[in-house]
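The sequence and structure come first.

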2 protein chains.
Amino acid sequence: MSFYTNKSFTFDSVYVHCGYSVVGPKEENGPLGEWFDKAYSNDMAGEKTFEKAEKRMFIDAFSGLLNKACLYANQVDCVVGGDLVNQIISTAFAMREFPLPFLGLYNACGTFVESLIVGSMLADNYLNNVACLSGSHFSTAERQFRYPLELGVLRSPVTQWTATGAGCTMLCNKLQPNDVPVKITAATIGKVVDYGIMDVNNMGAAMAPAAVDTIQRHLDNRGTSPSDYSLILSGDLGLLGKSITKDLLARRGIDIADNYADCGAALYYPEQKTYMGGSGAACSAVVFNSKILENLKRGKIKRLMLVGTGALMNSMTSFQGESIPCIAHCVEMEGY
Amino acid sequence: MSFYTNKSFTFDSVYVHCGYSVVGPKEENGPLGEWFDKAYSNDMAGEKTFEKAEKRMFIDAFSGLLNKACLYANQVDCVVGGDLVNQIISTAFAMREFPLPFLGLYNACGTFVESLIVGSMLADNYLNNVACLSGSHFSTAERQFRYPLELGVLRSPVTQWTATGAGCTMLCNKLQPNDVPVKITAATIGKVVDYGIMDVNNMGAAMAPAAVDTIQRHLDNRGTSPSDYSLILSGDLGLLGKSITKDLLARRGIDIADNYADCGAALYYPEQKTYMGGSGAACSAVVFNSKILENLKRGKIKRLMLVGTGALMNSMTSFQGESIPCIAHCVEMEGY
């Protein structure tokens, strides 16, 4: 297809042991509310600043995961992950509470799937238990990437709502006793794709071409077609980005309409006024670590393609006249 | 030693094919000036903003590496790396120019060594040619982490000078024809360590305990002693951090005084008024990809322990009263 190398690669022995998700009140009131492990009654999570609240969510997600996995912290060999706040402080400050090896990642809202890829490489070859962690907070993202919340800026109809939550997944290189096997089988690393979108309110349109590139490469490399998957699930393209992705792939002769969903588009009811749906690193992290993983374990999803999308700009690049480069990473999983 | 897991791991077949370094004028005028591949006559690198200049350095470093490695861009299977600017835009925007799979990393100034670890995992198991990339720019870092440059704030005597430059390393899973073998043999992933230092001008003191933790764990896990290494090289602890690291390790019965150096401490002459020396993600990236790699290839360094140190705060965490959590990653290399 392309002149450039487009390798996907496969994993021999990586199992998803379990996942844990924490969310804010708005996410709890959405269509997936009952699936999440923990919800806060307000988005401060008992802390004094939004940033500290985000860190608290990360600590709670990781602690919850340890409980659910029946593992002590000292049995975890490495934590990989990141978040949207400058210098990924939510993840780094959360990991200050746990003396564990830590690899910090950043690919914006694609960070959760990136963490599954790096975590799988570690579990497949070098370590036993690896935790993958990501999330976001509406208020930290809004004031960092857009406007001070106090300003009450009118939202554009193409905007999405940065989800408040954190999700954490435990990967193991051996099947645990009594565990239902969910395997991570393959990955395709995303390329930076920029179609020249300048509107920071329209992330779905900016990120869709990156998702298209990765989905197409993954299908080509794996020799599969969309119907081979129970579900193709993108991270946070939202309603508009989802529709663009479907259209762009259709033009390339790839029809994903029948089994395609987007975490951001699924996270809220229309009456919650998020316009195009959810966005943020929490989208794929909390949706995967709740309903999706549960359905993989229950055999309702046999084969999953999870595509984490991210927009790689910061607020300064927009001021300096740059468009928005985007990326999408993909992992493939099999339930039984 | 500790209740917690402390695993190091080894690589079977990861070779450092070559490295490339670009620096600003101040670094060219330092003691290592002659070793760098390219230097700019001024720190704008022909661009209009400091941020665009940093991106330009990353593009030039990666392009230079391709030339030196005699590889077309399409022969590179993945690029891994990151930088200090919010949302690692220097790396992400540089990678917009190359349609290659990209994993974004962030562990502050430890990002270069982190990229060598993740790159080694990829080259060891999944891909052939992987490029590892990091760097920093004095002016982007200064105005993002400290004060506007125009303010002319007096520098504290314990400060370091964020190095301007970018370094890039090509890893391969096979020895190239006529290549001198330099192998990456092992890695230890850092933990987040926070001794409560609050002074953002004193990064060396904040980061030293993280370096101590990682060096000690690496020696324990490998069953080696400091004298087994030709050189133990930390990233950007500077003169004060270097001295603290040496002292803290001595108190634990580990004497590294004879073969220990720090990239930041080696980068400038005292009369260049950087006080405690260099800092920033560029430190380890440009020093390793010039003199150090050359000396590994020439057989002057037989066995290297490279320890990349990073401070994981952002400017807001200091305003919110937090101390500075730090991390240090370690890779071990062998020349012949």
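A:R217 sits in helix α6 (residues 203-222) of chain A. Helices here are DSSP runs of H or I with at least four residues, strands are runs of E with at least two, and both are numbered from the N terminus. The model is a predicted one: local features need pLDDT of at least 70, side-chain atom pairs count only at pLDDT 80 or more, and totals for chains, interfaces and linings use all residues. Residues are numbered from 1 along each chain as its sequence is written, chains are lettered from A and ligands numbered from 1 in the order in which they are written, and side-chain values use heavy atoms, with hydrogens and water left out.

A:R217 has 6% relative accessibility and counts as buried. Buried means under 20% relative accessible area, exposed means over 50%, and partly exposed lies in between (1.4 Å probe, protein chains only). The side chain of A:R217 reaches the backbone oxygen of A:I189 at 2.8 Å. Neighbours within four places in sequence aside, A:R217 is in contact with A:N6, A:S8, A:T188, A:I189, A:G190, A:K191 and B:P101. Contact means heavy atoms within 4.5 Å.

In chain B, helix α6 (residues 203-222) holds B:V212. This valine is buried, with a relative accessible area of 1%. B:V212 touches B:T245, B:L248, B:L249 and B:R252, not counting residues up to four places away in sequence. B:C283 is 71 residues from B:V212 in sequence and 19 Å from it in space, C-alpha to C-alpha.

**Helix α2 of chain A**

How many of the 20 residues of α2(A) are buried? The count is 16, so the helix is largely enclosed by the rest of the structure. The length of α2(A) also agrees with expectation: at 1.5 Å a residue its 20 residues should span 28 Å, and its end C-alpha atoms are 28 Å apart. The expected span is 1.5 Å times one less than the number of residues. Just after α2(A), A:C70 takes a positive phi of about 50°.

**The interface**

Chain A and chain B bury about 5,600 Å² between them, 60% of it on carbon and sulfur atoms. Buried area is the accessible area (1.4 Å probe) that two parts lose on being put together, summed over both. In chain A, the residues that lose the most area to chain B are A:N74, A:Q87 and A:Y126, together 14% of what that side buries. The contact takes 66 residues from chain A and 66 residues from chain B.

The rule finds 38 residue pairs in polar contact across this interface, both residues at pLDDT 80 or more. A polar contact is a pair of N or O atoms within 3.5 Å; within protein, one must be able to donate a hydrogen and the other to accept it, and residues adjacent in sequence count only if both atoms are side-chain atoms. Several elements of chain A each supply at least two residues to the side that touches chain B, including β1 (8-10), α3 (89-95) and β5 (102-104). α4(A) gives the most to that side, with seven residues. The residues on this side of chain A divide into 34 nonpolar, 19 polar and 13 charged. Ala, Val, Leu, Ile, Met, Phe, Trp, Tyr, Cys and Pro count as nonpolar, Asp, Glu, Lys and Arg as charged, and the others, Gly among them, as polar.

**Salt bridges**

Over all chains the count comes to 34 salt bridges. A salt bridge is a side-chain nitrogen of Lys or Arg within 4 Å of a carboxyl oxygen of Asp or Glu. The interface of chain A and chain B has 10 salt bridges.

| Pair | Closest N to O distance |
|---|---|
| A:E142 and A:R155 | 3.9 Å |
| B:E97 and B:R96 | 3.9 Å |

The A:K52 and B:E322 pair crosses between chains, from helix α2 (residues 50-69) of chain A to the loop between α10 (315-319) and β14 (326-334) of chain B. A:K52 is buried at 17% relative accessibility, and B:E322 is buried at 11%.

A:E142 lies in helix α5 (residues 138-145) of chain A, and A:R155 lies 13 residues away in the loop between α5 and β7 (161-162). A:E142 is buried at 10%, whereas A:R155 is partly exposed at 22%.

B:E97 is partly exposed, with a relative accessible area of 45%, while B:R96 is buried at 18%. Salt bridges that share partners join A:K52, A:K55, A:R96, A:E97, B:D194 and B:E322 into one network.
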